[in-house]
Amino acid sequence: MREWVKRLVGRTIFESHLDALLLRNSAVVVTFHRVKDTETPEGLTVSVDLFEAYCRFFKRYFNVVSLGSLVAKLEDGVTLDRELAITFDDGYRDNFEHAAPVLEKLDLPATFFIVTQWMGTDVIPWWDRDIGVRHPWMTWDQVRSLHRRGFELGVHTRTHADLGSVTDQEAREEIVGARRELEEHVGARVELFAYPYGRLANLAETNRHLIQRSGFRCCCSCFGGVNAPGTDPFYLRRVPISSQYPSPLQFAFEVALGRSVQLA
Ligand SMILES: [Zn+2]
């Protein structure tokens with residue numbers, strides 16, 4: 001379907017309040033990676049203006065809550081009513097520099113999932129090295145600052161490991177070790193987990209059990225989809241927002257019609 005048709009249908013759905021029907025009794029968790037203005041937009045980057053447009057859209061049409069409080073609702077088995085939680089993966093410095101100020105201006109909660117061994121380093125992940133770009137990570141001071149300002153932090157492993165293909169020992173270090181490191185750096189308990197890459201094949205079931213036994217309260221995927229009441233927080237679905245959705249209305253269209261899931 002053409003982009004303008006999707007935008008038109010998205011606008012029609014939300015402005016005619018059909019959204020209340022389509023997303024009734026469900027909750028959406030969205031994931032951003034980078035928020036920055038760039039001459040060369042890449043898949044994982046959204047501009048600061050587009051990020052703010054998304055935040056205003058969320059505030060207008062959803063009940064924006066922290067991921068922790070959404071998990072609590074799922075644990076309690078209470079009714080859902082178009083909750084939306086905003087999350088960020090990996091720990092890019094632009095999250096601190098550009099996203100956090102917009103979130104604070106609009107008084108919106110958010111969760112930042114951190115790759116613990118990369119903070120304060122100049123590690124370049126393979127997906128950036130492959131296209132010849134480098135995006136700096138947050139320093140630990142910046143991570144602590146987000147925590148002090150009321151944002152949630154979560155674990156995204158130590159080295160962005162594919163938990164669908166590592167050994168049991170490596171999985172333990174990536175899951176339990178990352179949590180210990182993050183807790184030591186911020187001096188607070190951390191209970192939220194999002195697994196790297198986020199597709200079905202990127203997490204072995206045994207590792208999901210390890211995450212559960214280690215004291216985490218959720219495990220987030222990242223292959224799209226919405227969450228219904230009764231969703232197990234260890235099977236929490238997230239919708240990645242990238243250049244694939246150039247406008248909030250297109251995002252709305254895909255999510256409301258159940259077309260945000262990408263299993264392959
Ligand atoms: Zn990631």
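Me: His-156, buried or exposed?
Reply: Buried, with a relative accessible area of 1%. Keep in mind that this is a predicted model.

Me: What does His-156 coordinate?
Reply: The zinc ion, through NE2.

Me: What spacing do the donors follow along the chain?
Reply: D-x65-H-x3-H. Asp-90 sits in strand β5, residues 83–90, while His-156 is in the loop between β7 (152–155) and α8 (168–186). Those two are 66 residues apart, so the pair links distant parts of the chain, and Asp-90 is itself buried at 1% relative accessible area.

Me: What is the phi of Asp-90?
Reply: Near 95°, which is a positive value in a residue other than glycine. Most residues other than glycine have a negative phi.

Me: And Thr-157, what is its phi?
Reply: Near 75°, again positive in a residue other than glycine. Thr-157 is in the loop between β7 and α8. Its relative accessibility is 0%, and Thr-157 therefore counts as buried, the limit being under 20%.

Me: Switching to helices. At what angle do α3 and α5 cross?
Reply: Roughly 30°, with the axes of α3 (residues 48–61) and α5 (residues 93–105) coming within 10 Å. The crossing is right-handed.

Me: Which residues meet there?
Reply: From α3, Val-48, Phe-51, Glu-52, Cys-55 and Arg-56. From α5, the residues are His-98, Ala-99, Val-102, Leu-103 and Lys-105. By class, the contact has 6 nonpolar, 1 polar and 3 charged residues.

Me: How many residues are in the largest nonpolar core?
Reply: There are 70. Phe-32, Phe-51, Phe-58, Ile-86, Phe-88, Leu-103 and Phe-251 have the most contacts inside this core. Helix α3 gives the largest share, 8 residues. There is also a second, separate core of 15 residues, with Leu-67, Leu-70, Leu-192 and Cys-218 among them.

Me: What is Phe-88 in contact with, past its sequence neighbours?
Reply: Leaving out neighbours within four places in sequence, Phe-88 contacts Phe-32, Val-35, Phe-51, Asn-95, Ala-99, Leu-103, Ala-110, Thr-111, Phe-112 and Phe-113. Of these, Phe-51 in α3 and both Ala-99 and Leu-103 in α5 also take part in the contact of the two helices.

Me: Now α7. Which of its residues are buried?
Reply: In α7, residues 140–148, the buried ones are Trp-140, Gln-142, Val-143, Ser-145 and Leu-146. The elements covering them include α5, β6 (111–114), β7 and α8.

Me: What happens just after α7?
Reply: Gly-150 takes a positive phi there, about 100°.

Me: Back to Gln-142. What does it touch?
Reply: Arg-93, Phe-96 and Trp-137, with neighbours within four places in sequence left aside. Gln-142 has 13% relative accessibility, so it counts as buried. Its C-alpha is 9.3 Å from that of Gly-120, which is 22 residues away in sequence.

Me: Where is Ser-242?
Reply: In the loop between β10 (239–240) and α10. Ser-242 counts as buried because its relative accessibility is 13%, and buried means under 20%.

Me: What does Ser-242 touch?
Reply: Gly-43 and Val-46, not counting residues up to four places away in sequence. Thr-45 is 197 residues from Ser-242 in sequence, with 6.1 Å between the C-alpha atoms.

Me: Last one, Leu-257. Where does it lie?
Reply: In the segment after α10 (248–256). Leu-257 is partly exposed, with a relative accessible area of 41%.

Me: What does Leu-257 touch?
Reply: Ile-13 and Leu-22, again not counting residues up to four places away in sequence.

Me: And how many Å separate the C-alpha atoms of Leu-257 and Arg-180?
Reply: They are separated by 40 Å, and the two residues are 77 residues apart along the chain.

Terms used
Residues are numbered from 1 along each chain as its sequence is written. This is a predicted model: local features need pLDDT of at least 70, side-chain atom pairs count only at pLDDT 80 or more; totals for chains, interfaces and linings use all residues. Side-chain values use heavy atoms; hydrogens and water are left out. Axes are lines fitted to C-alpha atoms, for helices over the stretch in contact, and angles run from 0 to 180 degrees between N-to-C directions. Helices (H or I, at least four residues) and strands (E, at least two) are DSSP runs, numbered from the N terminus. A crossing is left-handed if the near helix is turned anticlockwise from the far one by less than a right angle, and right-handed if clockwise. Contact means heavy atoms within 4.5 Å. Ala, Val, Leu, Ile, Met, Phe, Trp, Tyr, Cys and Pro count as nonpolar, Asp, Glu, Lys and Arg as charged, and the others, Gly among them, as polar. A nonpolar core is a set of buried Ala, Val, Leu, Ile, Met, Phe, Trp, Tyr and Cys residues joined through side-chain atoms within 4.5 Å. Buried means under 20% relative accessible area, exposed over 50%, partly exposed in between (1.4 Å probe, protein chains only). Donors are N, O and S atoms within 2.8 Å of the metal (3.2 Å for Na, K and Ca); water is not among the atoms, so sites may look incomplete.
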